[in-house]
Amino acid sequence: MAVNSLYFTEEPQVGLTEVDTCTLEIKLKDEAIQSIVSSVCLSFGLIYCFFGYRCFRMVMFLSGFMFGTSALLLLYYEEPVLNTQLGMEMKAGIGLGVAVLCGLMTMLLSTMGLLISGLQLGSLLSLSILVVIGQFHTLTPVWVPLSAVLAASICTAVCTLQWQKLFSIIYTSVCGATTVMLCVDYLVGTFMLPDQVHDMFCQVPLQSLCWFNWAVTGICPALSLIGVLVQWWFTAKGVSHTDDGHKKHKKNCKKYDYREPRRRPQPYRRRRPPPLKRYAGDVLAPSYLQSLQERQMGTGSSTSSISTITHTLIDFDFETGSMVPLTAASPVFTV
């Protein structure tokens with residue numbers, strides 16, 4: 001079975017001149033929706049570049065969002081069966097759900113967010129350098145650029161976990177500058193830089209960049225350097241992404257300190273027993289004590305004893321003010 005070749009060559013004919021693509025007129029894209037999206041992305045890129053570290057939570061969410069979207073698009077590209085069986089709405093819903101889930105994980109878990117940010121930073125830096133090198137040298141076999149990207153990503157991820165603030169500023173500046181570069185490349189009408197990356201991994205000879213392509217490419221390093229300096233000296237000065245955690249911890253400690261004395265009283269604060277109060281009825285009358293002593297001694301006549309007991313009861317009631325005698329009185333008769 002014969003296979004028709006898709007590539008063919010023609011002999012140069014007399015009278016035909018070579019067309020210099022670098023001298024062609026640069027036409028702006030006239031699609032309304034794509035231009036609006038590019039303009040919005042351009043604005044986000046500038047915010048990323050100069051104020052990225054101040055929006056740390058948003059940056060962590062968007063890094064996870066981009067990671068989930070890229071991973072799912074790569075899965076669709078490697079598995080054409082999924083691409084054909086699933087509809088456009090189904091793929092969009094799955095992609096949005098996975099991207100939002102990854103974004104929430106990176107926003108809530110700062111360590112995971114910094115790790116993914118470091119991987120993305122290494123990928124952006126290595127791809128930019130490889131595209132420039134590919135203009136002068138052939139990057140074959142395919143494992144050479146893949147190994148370079150993987151090694152750079154791992155190194156920057158480890159450094160991001162070690163020096164979090166510095167590499168977070170570098171990441172936001174580089175990511176914002178790359179977004180601005182791609183938006184300008186699209187608005188100019190060429191959009192050649194993503195094609196350069198695709199051709200490099202597909203082992204296709206890279207197309208030579210024109211002077212305006214080099215100018216657009218130069219936006220990334222220049223804007224990245226300016227963004228790092230502006231954030232380090234102005235917008236991110238005195239700001240730390242760990243301040244929120246420390247403030248919450250201090251608030252919780254203060255609440256615990258306020259509640260602790262109420263729950264557990266201090267050991268040295270003991271209640272003293274109430275002072276004993278004495279009343280008039282607690283003291284025995286002297287006459288009553290004298291009568292008891294006389295009865296024990298057996299002195300006095302019966303009449304005197306009776307009168308003494310009666311007198312004792314009357315004196316007791318008068319002095320103590322009590323209506324009930326302390327002991328039951330019974331008449332005592334002596335013979």
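1. The model is predicted: local features need pLDDT of at least 70, side-chain atom pairs count only at pLDDT 80 or more, and totals for chains, interfaces and linings use all residues. Residues are numbered from 1 along each chain, and side-chain values use heavy atoms, without hydrogens and water.

2. F56 lies in helix α2 (helices are DSSP runs of H or I, at least four residues, numbered from the N terminus). Leaving aside residues up to four places away in sequence, F56 touches L114, S168 and H241 (contact means heavy atoms within 4.5 Å). The C-alpha atoms of F56 and T172 are separated by 9.3 Å, although the two residues are 116 residues apart along the chain.

3. Helix α2 (residues 56-78) packs against helix α7 (residues 164-188) at an angle of about 60°, with the axes 12 Å apart. The contact involves F56, V59, S63 and M66 of α2, together with S168, Y171, T172 and C175 of α7.

4. The structure holds five aromatic pairs (ring centres within 6.5 Å; planes under 30 degrees apart count as stacked, over 60 as edge-to-face and the rest as tilted). Among them, Y53 and F56 are edge-to-face, at 6.0 Å centre to centre and 65° between the planes. Both Y53 and F56 are buried.

5. W211 and F212 also form an edge-to-face pair, because their ring centres are 5.5 Å apart and their planes stand at 85°. W211 is exposed at 57% relative accessibility, whereas F212 is buried at 10%.

How values were computed
Axes are lines fitted to C-alpha atoms, for helices over the stretch in contact, and angles run from 0 to 180 degrees between N-to-C directions. Helices (H or I, at least four residues) and strands (E, at least two) are DSSP runs, numbered from the N terminus. Buried means under 20% relative accessible area, exposed over 50%, partly exposed in between (1.4 Å probe, protein chains only).
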